[in-house]
Amino acid sequence: MTGTPAPRTRGRRAAVLSAALLSLVPFLAGLTAKPDPVRAAACAVSVQTADLAVPLPRSARALAAGGPLRIVAIGSSSTAGAGASNAGHSYPARLAEHLGARYPGLALTVLNKGANGETGPDMLKRFRRDVLDEAPDLVIWQVAANTVLRGDDPDAAEQVIRSGVRTLKDAGLDVVLMDLQYAPAMLAKPRHEEMEERIARVAAEEGVGLFHRYAVMRQWVETRQAALSDLVGPDGIHQNDFGYDCVARTLAASLHDALSVRTTGRVAVKP
């Protein structure tokens, strides 16, 4: 004969059920957990390494006026977001997020104009449509990675970069060049350091900003804040979600510092 369970039996069942539910708490929390602040701290770099070296007057004026601020990120696959789990984890998407946190309420647009496999000449052909016609205040140009990977002529690449920078400057735009990624496939190429020097020379001689992606990533690895496998995917060249986020987080800080100083050297804007 089946009857109503005794109170003691019901109590034991409730205890078992409660224990089972409690065992799920860590799993369920993991589904909605925010980014680990310890891993975010691995993005730290020295001020000197992250410094863009120049002010960004047009962007600073837009910021001082309350916006809008428009940014075009043009480049190849590491701008497009190859290696990321989805487009929202590309560096331009993460840059928009980190800049938005620094400037809440600002009408901010970051356009991703990356295209897989392109070199400098390919990008120059897109400048009118993908850059100038978008009327940005700031252009971040990631360039020369495929030049190195394919073994193309670095001298010709330098001339293309210089020509492109002058086109952007003539249009009155702020310009920041982004150099190579510190990744196994890049390090294996014999002329990668030469290309780094050429990009830096163009930036210095043309008076535009340079985001030292290579040095930033190398510093994370050499200071043991992150391993290369934490930053770069299995193909050995493209960053993963964490790598792109770290680059974007650092670039946002670099842009913030540059935007806080007018050409006179005085602090202009504090978010």
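A crossing of two helices is right-handed if the near helix is turned clockwise from the far one by less than a right angle. In this predicted model, the crossing of helix 6 and helix 14 is right-handed. The two helices pack with their axes 8 Å apart, at an angle of about 45 degrees. Angles under 35 degrees count as roughly parallel and 65 to 115 as roughly perpendicular. Helix 6 is therefore oblique to helix 14. Helix 6 spans residues 91-102 and supplies Y91, R94, L95, H98, L99 and R102 to the contact. Helix 14 supplies Y244, D245, A248, R249, L251, A252, A253, L255 and H256. By class, this contact has nine nonpolar, two polar and four charged residues.

The overall make-up of the protein can be stated briefly. The secondary structure comes to 14 helices and five strands. The protein has 271 residues, and 45% of them count as buried. Contacts between residues at least 6 apart in sequence were also examined; 77% of these join residues at least 24 apart.

The interior comes next. In soluble globular proteins, nonpolar side chains tend to be buried together. Here the largest nonpolar core has 69 residues. L95, I161, L177 and L255 have the most contacts inside this core. Helix 14, residues 241-259, gives the largest share of the core, with ten residues. Two of the residues with the most core contacts, L95 and L255, also take part in the packing of helix 6 against helix 14. Beyond its neighbours within four places in sequence, L255 is in contact with L52, L56, L95, L99, L138, I140 and V176. Of these partners, L95 and L99 belong to the helix 6 side of the contact with helix 14.

Helix 9 packs against two other helices. One partner is helix 7. Helix 7 covers residues 120-131 and helix 9 covers residues 154-170. Their axes are 9 Å apart and meet at an angle of about 10 degrees. The two helices are therefore roughly parallel to each other. Their crossing is right-handed. On the helix 7 side, the contact involves G120, P121, L124, F127 and V131. On the helix 9 side, V160, G164, T167 and L168 take part. The contact has six nonpolar, three polar and no charged residues.

F127 has a relative accessible area of 3%. The cut-off for buried is under 20%, so F127 is buried. Apart from neighbours within four places in sequence, F127 is in contact with I74, L132, W141, G164, T167 and L168. Among these partners, G164, T167 and L168 lie in helix 9. F127 and T167 are 40 residues apart along the chain, and their C-alpha atoms are separated by 8.8 Å.

The other partner of helix 9 is helix 11, residues 192-206. Their axes lie 10 Å apart, at an angle of about 30 degrees. That value makes helix 9 roughly parallel to helix 11. This crossing, too, is right-handed. Helix 9 contributes P154, D155, A157, E158, I161, R162, V165, R166 and K169. Helix 11 contributes E194, M195, R198, I199, R201, V202, E205 and E206. The residues of this contact divide into seven nonpolar, no polar and ten charged. I161, on the helix 9 side, is also one of the residues with the most contacts inside the largest nonpolar core.

Two further residues were examined. N240 lies in the loop between helix 13 (228-231) and helix 14. With a relative accessible area of 16%, N240 is buried. Leaving out residues up to four places away in sequence, N240 touches G83, S229, D230, L231, V232 and G233. G114 lies in strand 2, residues 108-114. The relative accessibility of G114 is 22%, so G114 counts as partly exposed. Residues up to four places away aside, G114 touches A73, G75, S76, T79, A80 and R126. G114 and A82 are 32 residues apart in sequence, with a C-alpha to C-alpha separation of 9.6 Å.

Notes: Residues are numbered from 1 along each chain as its sequence is written. This is a predicted model: local features need pLDDT of at least 70, side-chain atom pairs count only at pLDDT 80 or more; totals for chains, interfaces and linings use all residues. Side-chain values use heavy atoms; hydrogens and water are left out. A nonpolar core is a set of buried Ala, Val, Leu, Ile, Met, Phe, Trp, Tyr and Cys residues joined through side-chain atoms within 4.5 Å. Buried means under 20% relative accessible area, exposed over 50%, partly exposed in between (1.4 Å probe, protein chains only). Helices (H or I, at least four residues) and strands (E, at least two) are DSSP runs, numbered from the N terminus. Contact means heavy atoms within 4.5 Å. Axes are lines fitted to C-alpha atoms, for helices over the stretch in contact, and angles run from 0 to 180 degrees between N-to-C directions. Angles under 35 degrees count as roughly parallel, over 145 as roughly antiparallel, 65 to 115 as roughly perpendicular and the rest as oblique. Ala, Val, Leu, Ile, Met, Phe, Trp, Tyr, Cys and Pro count as nonpolar, Asp, Glu, Lys and Arg as charged, and the others, Gly among them, as polar.
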